[in-house]
Amino acid sequence: MKYYLFLSLSFLFTLCKAPSLINAEELRTPQPHPFGKRDHVIQQMNGASAPTSLPAEIQWISEPWYKERSDENAQMPYLTYLAEQDRVMMLVVTHHPTHTAMIFSDDHGKTWSQRKWFSRDAEGKPKPGIVLGLTNLGGGKLIVQKDNVSHGHWRSNNFGETWKHVTVDDPVKKRYVWDPLLVVKNPEGDTETVFEASWRPTGVAWGSPDGFYSQAYLRTSTDEGKSWSPELKVPQWLGVNEVNLIQGANGDLVAACRTDYPKRFAHNKLDHFGGLAVSTSSDHGKTWSKLKPLYEWGRHHPSLVKLPNGDLVMTYVVRLGYPATHEGHPQFGVEAIVSHDHGQSWDKEHRYILASWTGNITGPTAWFCSVQSTSTVLMPDGTLLTAFGTGFRNPSDAKICKMDVALVRWHLNK
């Protein structure tokens with residue numbers, strides 16, 4: 001969803017009363033951003049007690065591209081682990097105008113290849129366009145959505161080396177898909193069902209206090225996306241747009257849902273006010289539970305990972321909720337929480353702070369410095385890789401928003 005300007009940061013952050021990771025004393029000066037260095041420390045909160053510090057690594061993935069051209073704009077990363085090659089793949093949107101590229105890591109995210117452009121024109125130049133929702137079917141087969149509007153998709157059968165557009169009959173003219181598809185395997189390891197969550201506007205004006213402006217839907221495929229079932233309009237997903245899906249160890253489906261922002265914030269016209277909630281299904285997606293709110297506003301863009309012990313890890317962005325500095329500079333971050341009961345409850349008291357930084361801008365364009373999108377994958381050694389977009393390098397006089405992609409290598413507290 002697009003960013004939108006808002007009228008008053010001071011008013012906005014007066015409303016932001018979510019728990020802070022930075023105490024009042026530290027707020028007197030802006031926090032240095034963590035990007036541009038390898039060594040890193042993440043924090044695990046512990047209620048009213050002092051947080052636990054855990055060693056990690058952080059990378060400014062798009063730094064080499066920024067050095068090539070100062071107007072570089074990298075955003076919306078998607079990660080997947082190609083087990084057959086022991087390789088990590090990242091899909092990322094770069095440039096002005098936007099182009100999509102792929103990069104690869106053969107050492108579990110420590111170093112990365114140069115960009116390989118998703119598509120090129122007849123002269124060999126990269127073609128503009130946005131590609132989203134990287135999904136790994138296994139065996140070298142990958143699916144992506146073009147421009148987040150589902151009219152078919154692009155497929156690769158050779159680990160992303162080449163791509164082919166596949167058209168699928170669809171009575172719906174616009175079907176917005178942001179998150180990867182959920183691939184459910186049978187006991188033999190073959191793809192059994194692919195679930196696609198999408199959303200469309202309800203007709204209520206965006207930002208209107210008169211009702212929900214988004215409705216999420218679900219449909220399935222039993223032939224790896226070549227054909228699809230009729231979509232299910234999930235009643236419990238009224239007021240939901242982006243949906244990230246995973247299957248729990250008990251077989252339940254878990255949906256981490258970005259929600260419309262509360263009506264009391266409608267006049268701000270800024271999608272940072274969207275919230276985060278969870279809905280579950282115990283009958284393979286036929287029916288869904290009511291939304292269980294995690295954060296009413298300010299935190300969203302979730303990504304879900306299942307651990308070998310059955311725990312679920314959810315990463316998400318913090319666009320609102322941290323207090324502004326005394327100078328009025330907003331603060332942003334990326335967090336993670338864990339569920340030990342297949343998505344029924346989430347341990348927010350012991351959430352992880354993976355990264356945080358202070359923006360360089362105050363006033364109507366302060367959102368330029370914010371955070372966008374998370375994508376998390378599990379490595380064979382138990383390491384978690386979390387990629388996200390950040391606007392940390394936007395200067396105080398920025399006229400347009402320039403984003404970068406960063407990545408944190410981290411472990412849960414054992």
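Six strands, β3 (75–82), β7 (131–138), β11 (182–185), β15 (240–247), β19 (299–306) and β23 (371–378), each put at least two residues into the lining of the largest pocket. Strands here are DSSP E runs of at least two residues, numbered from the N terminus. This is a predicted model, where local features need pLDDT of at least 70, side-chain atom pairs count only at pLDDT 80 or more, and totals for chains, interfaces and linings use all residues. Residue numbers start from 1 along each chain as its sequence is written, and side-chain values use heavy atoms, with hydrogens and water left out.

- Of its 37 lining residues, T80, N136, V183, I246 and L304 are closest to the centre.
- The lining splits into 21 nonpolar, 13 polar and 3 charged residues, with Gly counted as polar and Tyr and Cys as nonpolar.

**Sheet**
- β7 also belongs to an open, antiparallel sheet of 4 strands in the order β7-β8-β9-β10 (pairing takes at least two DSSP bridges).
- β7 and β10 (164–166) are the edges, each with a single partner strand, so one side of each has no neighbour in the sheet.
- β7 and β8 (141–146) are joined by 5 bridges, and L132 has Q145 as its bridge partner in β8.

**Cysteines**
- There are 0 disulfides (cysteine sulfur pairs within 2.5 Å).
- The sulfur of C401 is 7.9 Å from that of C369, its closest cysteine sulfur, which is too far for a bond.
- C369 is buried at 0% relative accessibility, and C401 is buried at 15% (buried means under 20% relative accessible area, with a 1.4 Å probe and protein chains only).

Note on methods:
Buried means under 20% relative accessible area, exposed over 50%, partly exposed in between (1.4 Å probe, protein chains only). On a 1 Å grid over the protein atoms alone, a cavity is a set of points where a 1.4 Å probe fits but cannot get out, and a pocket is an open set with protein on both sides within 12 Å along at least five of seven lines; lining residues have an atom within 4 Å of a point.
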